[in-house]
Amino acid sequence: MKKILVAYFSASGVTRRVAEKMAQAAGADLFEIAPEQPYTRADLNWMNKNSRSTLEMQDRDCRPAMAAAPDVAGYDVVLVGFPVWWYREPSIIDTFMESTDFTGKTVVPFCTSGGSELGDSAQNLQKLAPGARVLDGRRFRSSVTAEELKHWAEASVL
């Protein structure tokens, strides 16, 4: 039996709810990737060209600080969840990937979005964690059921 961690970043709560269902469905532990400085509503206003999230996403080298990093040493598989921002993973996910040793681990991204897919996120995560095996992953809507998540987890990583 593989030991699984669901690590997620959630700005509005949607990804948190999916990650909680995912952890339960996969029999996994749960870890929130929280920014050291929480995002405000104004920070998340993607229509404002000067908002924090917009500025972070325009700078591919931006690495927002995390409040804490998990110890992934005891895990075989790490499911990494996030909302899609500008057709890719948020910059804090890049911070997470670079600050954690994924050598020998299987990493599976999953995202939440009403319409946008993962884009190049799996390839980006692979570059940031060269010692890991990063799978393609999948997008889920907020309405995904625990049964759908369990089926996906069993088919993909269990």
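Strand 1 and strand 2 (residues 29–32) run parallel and are joined by four bridges, where strands are DSSP runs of E with at least two residues and helices are runs of H or I with at least four residues, numbered from the N terminus, and where two strands pair if DSSP finds at least two bridges between them. This is a predicted model, in which local features need pLDDT of at least 70 and side-chain atom pairs count only at pLDDT 80 or more, while totals for chains, interfaces and linings use all residues. Residues are numbered from 1 along each chain as its sequence is written, and side-chain values use heavy atoms, with hydrogens and water left out.

Within the pairing of strand 1 with strand 2, Y8 stands opposite E32; strand 1 also pairs with strand 3 in the parallel sense, over five bridges, and there A7 faces V80. Five of the five residues of strand 1 (residues 4–8) are buried, that is, under 20% relative accessible area, with exposed meaning over 50% and partly exposed in between (1.4 Å probe, protein chains only). I4, V6 and Y8 lie on one side of strand 1, and L5 and A7 on the other.

Helix 3 is largely enclosed by the rest of the structure, because seven of its eight residues are buried. Its cover includes strand 1, helix 2 (52–58), strand 3, strand 4 (106–112) and helix 4 (121–128).

R88, in the loop between strand 3 (77–83) and helix 3 (91–98), is buried at 5% relative accessibility. Its side chain makes polar contacts of 3.4 Å with that of E89 and of 3.2 Å with that of D94; a polar contact is a pair of N or O atoms within 3.5 Å, of which, within protein, one must be able to donate a hydrogen and the other to accept it, and residues adjacent in sequence count only if both atoms are side-chain atoms.

The whole structure holds seven salt bridges, each defined by a side-chain nitrogen of Lys or Arg within 4 Å of a carboxyl oxygen of Asp or Glu. Three of them are listed here.

| Salt bridge | N to O distance |
|---|---|
| R16 and E32 | 3.0 Å |
| D94 and R63 | 3.8 Å |
| E117 and R139 | 3.0 Å |

The last pair links E117, in the loop between strand 4 and helix 4, with R139 in strand 6 (residues 138–140), 22 residues apart. Through shared partners, salt bridges join R63, R88, E89, D94 and E98 into one network.

Terms used:
Contact means heavy atoms within 4.5 Å.
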